[in-house]
Amino acid sequence: MKTPNFFVDYDTILARIGALDPVQYARSRNFLDGHISYLSPFITHGVISTKTVAEIVLQEHKVRDSEKLLAELGWREFFHRVWQAKGDEIFDDLRSPQAKVTDFKVSTNLVAANTGIKAIDQTVSHLTETGYMHNHARMWFASLAGNIAQTHWYQPARWMYYHLLDGDLASNTLSWQWIVGSFSHKKYYANQENLNKYTGHKEHGTWLDIAYDDFDVLEIPPVLAEREALNLTNEFPASTAQPIENSAEPVLLYSIWNLDPTWQSDITARRVLWIEPDMHKTMALSPLRWRFVTHWAAQIKGLEIFVGSVAQLFPAGTDGLEVITREYPATAHWPGKRDPRDWLYPNTQGYFKNFFSFWKLAQKELPGLRKLHQPHKS
Ligand SMILES: Cc1cc2nc3c(=O)[nH]c(=O)nc-3n(C[C@H](O)[C@H](O)[C@H](O)COP(=O)(O)OP(=O)(O)OC[C@H]3O[C@@H](n4cnc5c(N)ncnc54)[C@H](O)[C@@H]3O)c2cc1C
């Protein structure tokens, strides 16, 4: 598995987008060595938007050749529309309770990369080392944790979110729920044959080497039986900013979800990345992820970092200050005026109970984009 360096600069990201071949992407994205973009850490942190990605790709490629990539970018926006509409409800079973739950703790051997299934163990090790996991591997992992080990999705999702450089509260939470059937109409399973096909492994005779019909009656494999409670903590970066009592200039409040170096770049302002510890208490981030955040914060000229509560950041309140931030569900309680985010499909506001209904509306914004026949995820 080769994962590119994520600690680069903005121009490198633009060059990577320019080098994307959407036809190749559509053909190979399900394979672990397929031509995928690896853009998710940058998109998650708002360094670039889905709209920018699409605009650059469509400069060189036709809409109809880019359909799959445009739809996958759509999945991200779909999840964020659901989050905007449902708020914190996405952190619980959204459409129906997860069926067949026998435990809430993660399987020790799953997170220790010790299941005996190579495709799983290698991709789990890769995640904890690099902060990246291929989409198909995420689906397998979530299926093993939620459907085969019969664990409620929330704790293993927390574990995955902690390690991912692209950990995104909506995409992660709702993808897990899509796999376990609490935000979809059925559970997703993959057997050894499927793993072999997309990884190139040739493993046979493992406990996953069964027919799809057998998943309904599969007992929890003994290797997944041992459980552990998670102990995930944050190592926040140090504050570089003083509390803000007054400012003649507008105060631009950045969050870790908006590290866009082009945001309001033409105005003179006090720029502060505000890290609110409470926000990351239940969904902690790995030390690598915090390094990634400070790396991208450092690319924004004059950006200071403040770690603390609202009362610590604005000890005298915000009256008399011009505070500007960017719309984002996790920071809905922040003070100040909201700039909109850049959406690829801006006309898709509201709640969509599945991707299909979202996509029906979204694709109207892309003339020439053919209708997808099946709303599927892999
Ligand atoms: C259990 C599970 C957990 C996931 N957790 C996250 C997460 O925390 N953060 C996250 O960004 N994605 C998450 N995904 C979605 C998907 O796996 C990643 O977005 C994708 O693997 C990122 O790699 P890439 O940038 O090379 O994607 P590409 O395939 O190159 O896609 C381009 C972009 O489209 C978006 N995208 C692609 N596929 C999906 C998808 N299925 N759902 C939503 N957006 C998508 C991403 O922004 C991605 O960067 C999760 C999927 C599953 C099954």
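This note goes through the structure point by point, from the whole chain to single residues.

1. The structure is a predicted model, in which local features need pLDDT of at least 70 and side-chain atom pairs count only at pLDDT 80 or more, while totals for chains, interfaces and linings use all residues. Residues are numbered from 1 along each chain as its sequence is written.

2. The protein has 14 helices and 7 strands, where helices (H or I, at least four residues) and strands (E, at least two) are DSSP runs numbered from the N terminus. The radius of gyration is 21 Å, close to the 21 Å that the globule rule gives for 378 residues, so the protein is as compact as a globular protein of that length; this radius is taken over C-alpha atoms, and the rule is 2.2 Å times the number of residues to the power 0.38. Along the principal axes, the C-alpha atoms fill a box of roughly 70 × 50 × 35 Å.

3. Of the 378 residues, 40% count as buried, a word that applies if 20 or more other C-beta atoms, placed from the backbone, lie within 10 Å of a residue's own, whereas 12 or fewer make a residue exposed and values in between make it partly exposed. Among contacts between residues at least 6 apart in sequence, 72% join residues at least 24 apart, a contact being two C-beta atoms, placed from the backbone, within 7 Å.

4. An open sheet of 5 strands runs in the order E5-E4-E3-E6-E7 with parallel pairing, and two strands are said to pair if DSSP finds at least two bridges between them. Its edge strands, E5 (304-307) and E7 (337-339), each pair on one side only. Strand E4 (residues 270-275) pairs with E5 in the parallel sense over 4 bridges, and Trp274 has Phe306 in E5 as its bridge partner.

5. The ligand is surrounded by 28 residues, the closest being Ser37, Ser40, Asn135, Asn172 and Ser175; a residue belongs here if its C-beta atom, placed from the backbone, lies within 6 Å of the molecule. Helices H3 (40-44), H5 (67-86), H8 (135-148) and H10 (169-180) each supply at least two residues of this shell.

6. Thr294 has its place in helix H12 (residues 287-297), and Thr294 counts as partly exposed because it has 17 C-beta neighbours inside 10 Å. Thr294 and Glu72 are 222 residues apart in sequence and, from C-alpha to C-alpha, 28 Å apart in space.
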